[in-house]
Amino acid sequence: MKATLARTLMCSHLRWLLLAAAWMAVASAARAELTAARIWNEHLLHAISIDTARPTVHARNLFALSEAMYDSWAAFDSTAAQYAHHERASNAANLAAARDEAISYAAYNVILHRFVTGPAGVGPGKAETLLNLRTQMLDLGYDPDFKSTLGDSPAALGNRVAQTVIARGMSDGANEAGNYANPPGIFQPVNPPLTFEDPGTSLSDPNRWQPLHFLGNRIDQFGRPINESTQKNLTPFWGDVAPFAMTLADRSVNGVYHDQGTPPGLNDRPNGALFKADAIEVIRLSAQLDPNDGVMIDISPATRGNTPNSPFTESYEQVGYALNPFTGLPYEPEIVKQGDFGRIMAEFWADGPRSTAPPGHWNEIRNDVTDKMEALGIPKRIGGAGPVVSDLEWDVKSMFALNGGLHDAAIAAWNHKGAYDSSRPISFIRYMGQLGQSSDPTGPSYNPDGLPLEDGLVELVTAATTAPGQRHAHLAGSEGKIAVRSWKGAVPGVAPFDDPAEVSGVGWILAEEWMPYQLNGFVTPPFPGFVSGHSTYSRTGAEILTLLTGTPYFPGGIFEYDIPMGSGLDFEYGPTTPVTLQFATYFDASDQASLSRLYGGIHPAADDFAGRRIGHLVGPEAWAMAIRCFSGVAVPEPSTMGMLTLAGVLACLGRRSLLTRGSEQV
């Protein structure tokens, strides 16, 4: 099957161009063809990138496509058990062609329904997606208007599979028929909206989520003006969506999957000191976002990655690797500006405008890993052992396992968001800062719920500090308030920024005016913080890719994304010199994705680590379910799912070794 994707995908966004270029030369050298599964996966990723930013919805879309393609493939396999659509295909004279045709019709119809013709197909990229899909079918030699489900043709089989997946999706608890809207009368915020343009905030409960109100001076992901509006909580009911592998046994008495308990907070919340420390850490990382501060760091695997007690620990400490295990040689240093690294990391992993969201990011990583395996001649073996499989089987099975896990990650993460309704840094940092300082009970502006003071980072504005020539001189008239040293806000104008002078830098601002490292038109996602979706998705993805490949290391022991000078940021100019993001292991990439949300001012550490813990459970659980299907073990009915355990499933399949930490398997 010729790789006609480039002809039909009209990709126009920066991040897509960067990711496409990262392995273009490698991929073209490796092979001139893409499998049917890869072609349709890329189409879905592009459809996501031009649709409304809805990470839960798009994790579900990726899983729907993957289960449709897997069931179409498995219909022609004598061993594999199908997941949703149970039907064996008749003998085909050309098995490869029949599989490609069935997969293409199933994929085409699922994407078409989700983004164009179905009740939720109302997104801004609808017309472009329709054109891309129809053009792709024609390029492959298929009739996009063939809708029949009758007969034994691969096309009819693919249509039947799509019909099954679409029908299941209409009753899985996601409210697709209502365009994923929240049920009426519930999930109302307890706090009044925060008008971002105004300093300070008003909170009825500082531990609960606060929607943002925008006065209309912002644009959407396509550059179109948005009218005055207030955020609505995105899918807080997602914990009720039918999962892939999670069971009732995974839910707490509170009805929360892999429940991490009440997060830290102020007032009567537990771990109030930890909550304050987390707030200070977010401010501290924001203070590192100046590329002109002269600080240089090594971001290569020689010093980054390999957290102590890897592959899982609740620590930001990183010790690096002495040698690349594939080459036996030391990793080469990659010395960059600290401010460039923090800014690039925050935006590279972002899931705001012009993004495929974290579920899409991990599909992109899977695709790039597959291309590099091709380039290096690494054979494709499911789980890193056993027989070498075809390119199509590899793609179908790995996408099925990965997206089943990411679907469950979305359910578990948003189950927590809906249950605990926790605040975001944009609210609690402003709130604590406007209350005062909590370090000196005998000093001015004391409040037990205020920000802790830290010289050079969080300080009290005084007559002395606002004197001419002093560090707070520009804050004269604000004596008694709290100032923080932080990123100063988005540069006015529209990206791309092409002048090195278009950098906000870091300086002293009032805490009540603090903002995350985000666009003024985005600021913070429209849902509560705890737990971090990035951390949950990314840890899940890392776990599954480790189990899939049989090693925690990327192919060749290193993976890289090149970010050219001046082309990696939408908030301001950057990077000021080229930056190459590097990872030795999938867990290193996951950890960076998680940490990026602290640099971006979106999450505190408590949100991050709780999400990592969930992904640490969800990933292997999803892999075990996928292995059941691959091995021909029928998927149990929902009523019996709670009786399954991960260890039991792996033991009965002879794959207990995949749980062993510290071995080549992980």
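Reader: Which residues in α10 are buried?
Author: In this predicted model, the buried residues of α10 are Q338, G339, D340, F341, G342, R343, I344, M345, A346, E347 and F348, where buried means a relative accessible area under 20%, exposed means over 50%, and partly exposed covers what lies in between, computed with a 1.4 Å probe on protein chains only. Since the model is predicted, local features need pLDDT of at least 70 and side-chain atom pairs count only at pLDDT 80 or more, whereas totals for chains, interfaces and linings use all residues. Residues are numbered from 1 along each chain as its sequence is written, and side-chain values use heavy atoms, with hydrogens and water left out.

Reader: Why is N41 called buried?
Author: The relative accessibility of N41 is 0%, and N41 therefore counts as buried. N41 lies in helix α4, residues 36–49, and, leaving out residues up to four places away in sequence, N41 touches L62, L65, N363, N367 and M399, a contact being heavy atoms within 4.5 Å.

Reader: What makes α9 and α15 roughly perpendicular?
Author: The axes of helix α9 (residues 272–286) and helix α15 (residues 586–599) come within 8 Å and cross at roughly 90°; these axes are lines fitted to C-alpha atoms over the stretch in contact, with angles from 0 to 180 degrees between N-to-C directions. Angles under 35 degrees count as roughly parallel, over 145 as roughly antiparallel, 65 to 115 as roughly perpendicular and the rest as oblique, and α9 and α15 are therefore roughly perpendicular to each other.

Reader: Which residues make the contact between these two helices, and how many are nonpolar, polar or charged?
Author: E281, V282 and L285 of α9 meet L595, L598 and Y599 of α15. They divide into five nonpolar, no polar and one charged, given that Ala, Val, Leu, Ile, Met, Phe, Trp, Tyr, Cys and Pro count as nonpolar, Asp, Glu, Lys and Arg as charged, and the others, Gly among them, as polar.

Reader: Which residues have the most contacts inside the largest nonpolar core?
Author: A nonpolar core is a set of buried Ala, Val, Leu, Ile, Met, Phe, Trp, Tyr and Cys residues joined through side-chain atoms within 4.5 Å. The largest such core has 146 residues, and those with the most contacts inside it are W40, Y70, W238, F244, W349, F400 and L451. Helix α12, residues 391–420, gives the most to this core, with 15 residues, while a second, separate core of 12 residues includes A75, F76, L157 and A162. Y70, one of the residues listed for the largest core, touches F400, V396 and C629, among others.

Reader: Why is A622 called buried, and which residues does A622 touch?
Author: A622 has a relative accessible area of 0% and is therefore buried. Placed in helix α16, residues 605–630, A622 touches F244, A245, A401, G404, G405 and I544, not counting residues up to four places away in sequence. A622 and L402 are 220 residues apart in sequence and 7.8 Å apart in space, C-alpha to C-alpha.

Reader: Why is S438 called buried, whereas S445 counts as partly exposed?
Author: S438 has 15% relative accessibility and so counts as buried, while S445, at 26%, therefore counts as partly exposed. S438 lies in the loop between α13 (425–435) and β8 (458–460), and S445 is found in the loop between α13 and β8. A polar atom of the S438 side chain lies 2.8 Å from the backbone oxygen of G450, and S438 also touches residues including K276, Y446 and L451.

Notes. Helices (H or I, at least four residues) and strands (E, at least two) are DSSP runs, numbered from the N terminus. A polar contact is a pair of N or O atoms within 3.5 Å; within protein, one must be able to donate a hydrogen and the other to accept it, and residues adjacent in sequence count only if both atoms are side-chain atoms.
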